[in-house]
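These are my notebook entries on one protein chain. The sequence and the model come first, and the entries follow.

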Amino acid sequence: MSYFVYIMTGAGTVAAGFVIFILLRKYITALADKRIASYQSDLIIKHYDEVQNIYSQMRGWRHDYHNHIQAMKAFLTAGNTDEHLEYLGKLDADLTSVDTVIKTGNVMVDAILNSKLSLASSKKIKIITKVAVPQKLKVSEIDLCVIIGNLLDNAIEACMKLPDKNNRFIRVFFGTHKSMLYIGVFNTAGDEIKKIGKTYISTKELPFHGLGLMRIDRIAAKYGGFVNRQNEKGVFATEIMLPL
């Protein structure tokens, strides 16, 4: 075998191996995407039912508002100050629990947001939100919830890696700007954020390495939107713009 033939044969082997690697990665990615999509769809349905129940409870509370007023008037008329104060305390607790629920008017978005942020709060992560979602959206509710779910999963994961619990926070902003839906998620992050060139990659193990980020990018591209990621001074930011 000549040197030239040997080189070509070796190159062919390397090329074939590279093609196999690419095909295998695509297969693993497609399989993982399918499993993640199925899992997230099940979660969305579950949380949708939970938020519908919350809405039902809120409607019930408004319906009973008149009865609450009558009860407090009765306590005051009878001079039962202690019982009146106790009753007020219970009502205040109920109202506080209702007010902590994010209510955008979009049930699917409310479902995933409240679920993820409730999880973050249970982990002692400080939450700051300012959310307004238009009634009419070009992006499907399922795609929007996939974006939100992945963003908040990544934010929670990043926060939990910080040793100082007092420094953990997540800020979530939704709004509109020039006929675009703006989504911004900002969270504290450590030094483990990795990049290849200008592209951020996940710290998760294979085969789920970076799949969440890929799904976000694909959905944004699907609607002609764009994604901007930045990491400065211990804060990781993801900003997404989607056409309305």
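**Entry 1: a threonine side chain**

I first asked: how far does the backbone nitrogen of Phe169 lie from a polar atom of the side chain of Thr188? I found a distance of 3.3 Å between the two in this predicted model. The side chain of Thr188 also has a polar atom 3.2 Å from the backbone oxygen of Asn167. I use "polar contact" for a pair of N or O atoms within 3.5 Å; within protein, one atom must be able to donate a hydrogen and the other to accept it, and residues adjacent in sequence count only if both atoms are side-chain atoms.

I noted the ground rules here. Residues are numbered from 1 along each chain as its sequence is written, and side-chain values use heavy atoms, with hydrogens and water left out. The model is predicted, so local features need pLDDT of at least 70 and side-chain atom pairs count only at pLDDT 80 or more, whereas totals for chains, interfaces and linings use all residues.

I located Thr188 in strand E3 (residues 180-188). Helices (H or I, at least four residues) and strands (E, at least two) are DSSP runs, numbered from the N terminus. Thr188 counts as buried because its relative accessible area is 6%. The cut-offs are under 20% for buried, over 50% for exposed and partly exposed in between, with a 1.4 Å probe and protein chains only.

I then listed what Thr188 touches, where contact means heavy atoms within 4.5 Å. With neighbours within four places in sequence set aside, the list is Ala158, Cys159, Leu162, Asn167, Arg168, Phe169, Gly234 and Val235.

**Entry 2: the overall layout**

I counted five helices and seven strands in the protein. Their order from the N terminus is α-α-α-β-α-β-β-β-β-α-β-β. Of the 244 residues, 35% are buried. Among contacts with a separation of 6 or more, 67% join residues 24 or more positions apart.

I checked the length of helix H4 (residues 141-160). The expected span of a helix is 1.5 Å times one less than its number of residues. For the 20 residues of H4 this gives 28 Å, and the end C-alpha atoms are 28 Å apart, so the two values agree. H4 is mostly covered, as 14 of its 20 residues are buried.

Next I looked up the largest nonpolar core, which has 32 residues. Such a core is a set of buried Ala, Val, Leu, Ile, Met, Phe, Trp, Tyr and Cys residues joined through side-chain atoms within 4.5 Å. The residues with the most contacts inside this core are Leu113, Leu144, Ile148, Leu152, Ile170, Ile183 and Leu242. Which element gives the largest share of this core? I found that H4 does, with 10 residues.

I followed two of these residues. Leu144 touches Val109, Leu137, Val139, Leu181, Ile183 and Leu242, not counting residues up to four places away in sequence. Ile148 lies in H4 and counts as buried because its relative accessibility is 2%. Beyond its neighbours within four places, Ile148 is in contact with Val109, Ile112, Leu113 and Phe174. Ile148 and Ile183 are 35 residues apart along the chain, with their C-alpha atoms separated by 8.7 Å.

Two strands pair if DSSP finds at least two bridges between them. Asn228 stands opposite Glu239 in E7. E6 and E7 form a hairpin with two residues between them, and Lys233 in the turn has a positive phi of about 50 degrees. Is Lys233 buried or exposed? I recorded Lys233 as exposed, because its relative accessibility is 88%.

Lys178 also has a positive phi of about 50 degrees although it is not a glycine. I placed Lys178 in the loop between E2 and E3. Lys178 counts as exposed because its relative accessibility is 72%.

**Entry 3: confidence**

The mean for the protein is 77, and 66% of its residues reach 70 or more. Among the elements, E3 has the highest mean pLDDT (95) and strand E4 (residues 194-196) the lowest (48). Over residues 3-8 the pLDDT is below 50, and this stretch has one contact beyond near neighbours in sequence. Over residues 204-209 the pLDDT is also below 50, with 10 such contacts in the model. Where pLDDT is low, the predicted coordinates should not be read in detail.

Technical notes: pLDDT is the predictor's confidence in each residue, from 0 to 100.
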